[in-house]
Amino acid sequence: MWKACLLFLAASLGAQTIVVSPDGAVKTLAQARDLARAQRRGGATGAITIRISDGLYFLPETLVLTPEDS
């Protein structure tokens, strides 16, 4: 549900930036990747920037990026 809300908010504001922060709505790199993919599937065009805020991020598994993420 929150992903849909964030995606709707980003689309309605014309935003193409996803902010990852340990204290924010998007807390992991995998969440950011998935939101960017969802934006693309929703028809977003142009660059999508993922901004990573200062903090500690733990990866419980390898972050996998595919050609779809380029």
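## After helix α2

Gly 43 takes a positive phi of about 105°. This residue comes just after α2.

The model is predicted: local features need pLDDT of at least 70, side-chain atom pairs count only at pLDDT 80 or more, and totals for chains, interfaces and linings use all residues. Residues are numbered from 1 along each chain as its sequence is written, and side-chain values use heavy atoms, without hydrogens or water.

## The helix itself

Helix α2 covers residues 29-41, 13 residues in total. From its first C-alpha to its last it reaches 18 Å. That is close to the expected 18 Å, where the expected span is 1.5 Å times one less than the number of residues.

Which residues of α2 are buried? They are Gln 31, Ala 32, Arg 33, Leu 35, Ala 36, Arg 37 and Gln 39. Buried means under 20% relative accessible area, exposed means over 50%, and partly exposed lies in between (1.4 Å probe, protein chains only).

How many salt bridges does the structure hold? There are 3. A salt bridge is a side-chain nitrogen of Lys or Arg within 4 Å of a carboxyl oxygen of Asp or Glu.

One of them pairs Arg 33 with Asp 34. Their closest N and O atoms are 3.0 Å apart. Arg 33 is buried, because its relative accessible area is 16%. Asp 34 has 26% relative accessibility, so this residue counts as partly exposed.

Arg 37 forms a salt bridge with Glu 68, at 3.5 Å from N to O. This pair links distant parts of the chain. Arg 37 sits in helix α2, Glu 68 in the segment after β2 (49-52), and 31 residues separate them. Arg 37 has a relative accessible area of 15%, so the residue is buried. Glu 68 is partly exposed, with a value of 47%.

Arg 37 also forms a salt bridge with Asp 69. Here the closest N and O atoms are 2.7 Å apart. This pair too joins distant parts of the chain, helix α2 and the segment after β2, 32 residues apart. Asp 69 counts as partly exposed because its relative accessibility is 28%. Through shared partners, salt bridges join Arg 37, Glu 68 and Asp 69 into one network.

Note on methods. Helix = DSSP H or I, 4+ residues; strand = E, 2+ residues; numbered from the N terminus.
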